[in-house]
Amino acid sequence: KEYVKSLFAKYNVECDLDAYPADLPPSTISLIEIVKAVSWKPDILLLDEVTATLHHNEVELLFKNLKELAAAGTAIVFVTHRMGEIYRVASRAVILRNGESVADVDRIVYHMTGKMPEPMQNQTVCAVKGSSDAALYVEGLSIEGVIKDVSMCVNNGEIIGLGGLEGQGQSQFLRALYGVIPYSSGQILIGGRKVKYTNPADAVK
């Protein structure tokens, strides 16, 4: 209980430990879900649009804590459609459009929308480079009718931004990684070891 209290304080979760979730505001529920995931002390942390219901000050604190987790060696995949968040928190970025990952991810806006934006200064993101000994390595992952041939590499201590307009397959991609939905082809390696989870409980282990 004291450990939970310390995490609540770290993430500024203001609620009674005995409160019912139904009585809590959406932002507090989101923070509790984040704290729950962090409490497992995972090697790889997957976050899907977690800032959607958070207030500005809560987002600021979350980013601070994510950077601390990354500095301690946690590999983080952070899904968002908010451009500013990608530039602020991500070490690298993977962009999905029409269910496929696209190249030249330094040209983020173009690859998300298909339209060339106005020139921007000092906003470059490294291209994804695969490695079989990375914390998380995904190669050619496909889900029939949803995503096609998506690859991604996450090294220890990195925060990878996974971006795209709503409905481009980001959420399904993450769910496939931890066994919620099956994928038709491709492979997933964690620490160089090939895995294929059939349910989230196996992934948490």
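Predicted model: local features only at pLDDT ≥ 70, side-chain atom pairs only at ≥ 80, totals over all residues.
Five salt bridges are found in the structure. In one of them, glutamate 68 pairs with lysine 10, and the closest N and O atoms of the two residues lie 2.8 Å apart. Because glutamate 68 belongs to helix 3 (residues 56–71) and lysine 10 to helix 1 (residues 2–10), this pair ties together parts that are 58 residues apart in sequence. Glutamate 68 counts as partly exposed, with a relative accessibility of 34%, and lysine 10 is likewise partly exposed, its relative accessible area being 36%.

Glutamate 68 also forms a salt bridge with lysine 64, for which the closest N and O atoms are separated by 2.9 Å. Here both residues are located in helix 3, at a spacing of four residues, or about one turn of the helix. Lysine 64, at 47% relative accessibility, is again classed as partly exposed. Lys10, Lys64 and Glu68 are accordingly linked in a network of salt bridges.

A further salt bridge joins the side chains of glutamate 60 and arginine 88, with an N to O distance of 2.8 Å. This pair connects distant parts of the chain, since glutamate 60 lies in helix 3 and arginine 88 in helix 4 (residues 83–89), the two residues being 28 residues apart. Glutamate 60 has a relative accessible area of 30% and is therefore partly exposed, while arginine 88, with a relative accessible area of 40%, is partly exposed as well.

Technical notes. Residues numbered from 1 in each chain as written. Heavy atoms only, no water. Salt bridge = Lys/Arg side-chain N within 4 Å of Asp/Glu carboxyl O. Buried < 20%, exposed > 50% of the residue type's maximum accessible area, 1.4 Å probe, protein only.
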